[in-house]
Amino acid sequence: MILWIVIIICTGFQTILNTTRPIITLYASEMGANTFDIGILTAAYAFFPLIFAIHAGKIADKIGDRLPVFLGLAGISLGMVIPYYFPSMASLFVSQLIVGTAAVFITVSLQNILGNIASEEKRDQYYSLFGIATAMGAMIGPIIGGYLGEHISYSSVFLASIFINIIPILISLFIPVLRKQKTKQKMSIGASVGLLKMPLLRKALISSALVLYSKDIFVAYFPLFAKQYGISTSTIGWIISIQGLAIILVRFLLPALTEKHGRDKVLIASVFMAGISFLLVPFTGSVILLSALSALMGLGLGCGQPLSMTTTYNASPKSRTGEVLGLRLASNRLSQLIAPVFFGLVGSWAGIFSVFFISGTFLLGGLFAIKPEKKRKLAS
């Protein structure tokens, strides 16, 4: 029962994010924003979460997960109301700051719930289902946003998101309150960051950050790239949604893949596939080929998040799981804060095409940071 409450909330919440985020790029562009402005706008989503992510995890450990999820969902609605009633660049910035902060409380708490209720044997399965729910939102959202944005208006997308959010808000009231045993001493932020000394945890966080920033860059900059080829808003939505469909498919196969090939090999292969896909995007303006690359990218990016979630939870002290999941989210948000600003500068200087070249290069370079260490042979 609790598992499906989490899955429904996650699907609804991710649908809202993925309905609005590609449209925000096009809306801002219509208002006269350049590539760098859009980079700053995309980074705004990650600004406060970078500061609050670890605190969000500590709060979930202390007071339970129901209230953070409920208030986070309410914050999402507030973030949608502002640009609907006050259409301006300033409203979009405020909206993304609010939505990003709200999202961090929802995400940490939902992941914490799954970790708490799952046995170690079932944790991979539960986080895979969570990943599938996330991907469902990534598949449904861009289609909704694309059609509403093209046939009604960009602002109507925010109104639709408010109505979609009613169901997750109501369902969040049924989340049970599970509190962790209180630890005798309070942990500082420095103590949380000190957990990065664990090699397994550090690699999980790097791989998660690589995957998440890549998805953000694609969603933020692909609409601008596609518009240069005259591709319609609804078609852009479909191309992005195909990535979500590919993520769903690979996450269904993920347990079998990891059992057969091991987590390390699957993770390395997935990041490599995503990196190659990014590098190939600028070479075509064909809707069919771009859809195929989006699908290939989804197959690559779809493995990283569930694997890193399980590794992060398993590697964390049992009384500090929410805190460590918050640390994971903070590392994700750091990449989501830096990358859009960097790529906004690159795009404004060298053109939108360069964003995909450099992002693909970063992904491939990241393989060196996540590759498993070779075991030293014992001296005979």
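Author: First a definition: axes are lines fitted to C-alpha atoms, for helices over the stretch in contact, and angles run from 0 to 180 degrees between N-to-C directions. Helices are DSSP runs (H or I, at least four residues), numbered from the N terminus. This is a predicted model, where local features need pLDDT of at least 70, side-chain atom pairs count only at pLDDT 80 or more, and totals for chains, interfaces and linings use all residues. Residues are numbered from 1 along each chain as its sequence is written, and side-chain values use heavy atoms, with hydrogens and water left out.

Reader: OK. At what angle do α11 and α12 pack?

Author: About 155°, with the axes of α11 (residues 263–280) and α12 (residues 287–301) 7 Å apart. Angles over 145 degrees count as roughly antiparallel, and α11 and α12 are therefore roughly antiparallel to each other.

Reader: Is the crossing of α11 and α12 left-handed or right-handed?

Author: Left-handed, meaning that the near helix is turned anticlockwise from the far one by less than a right angle; clockwise would be right-handed.

Reader: Which residues of α11 and α12 meet?

Author: With contact meaning heavy atoms within 4.5 Å, the α11 side includes M273 and F278, and the α12 side includes L293 and M297. By class, that contact has ten nonpolar, three polar and no charged residues. Here Ala, Val, Leu, Ile, Met, Phe, Trp, Tyr, Cys and Pro count as nonpolar, Asp, Glu, Lys and Arg as charged, and the others, Gly among them, as polar.

Reader: And at what angle do α10 and α12 cross?

Author: Roughly 35°, with axes that come within 7 Å. That crossing is right-handed. Among the residues that meet are I239, Q243 and R251 in α10, and S291, M297 and G298 in α12. The contact divides into twelve nonpolar, five polar and one charged.

Reader: Switching topic. How many cavities are there?

Author: Three of 30 Å³ or more. A cavity is a set of points on a 1 Å grid over the protein atoms alone where a 1.4 Å probe fits but cannot get out, and lining residues have an atom within 4 Å of a point.

Reader: How much space lies in the largest cavity?

Author: About 570 Å³, a volume being the space filled by probe spheres set on the points, which are joined across faces, edges and corners.

Reader: What lines the largest cavity?

Author: 35 residues, with Q14, R21, L212, K215 and D216 nearest its centre. Helix α1 gives the largest share of the lining, seven residues. The lining divides into 15 nonpolar, 14 polar and six charged.

Technical notes. 1 Å grid on protein atoms, 1.4 Å probe; cavity = no way out; pocket = protein on both sides within 12 Å on 5 of 7 lines; lining within 4 Å. Helix = DSSP H or I, 4+ residues; strand = E, 2+ residues; numbered from the N terminus. Parallel < 35°, antiparallel > 145°, perpendicular 65-115°, else oblique.
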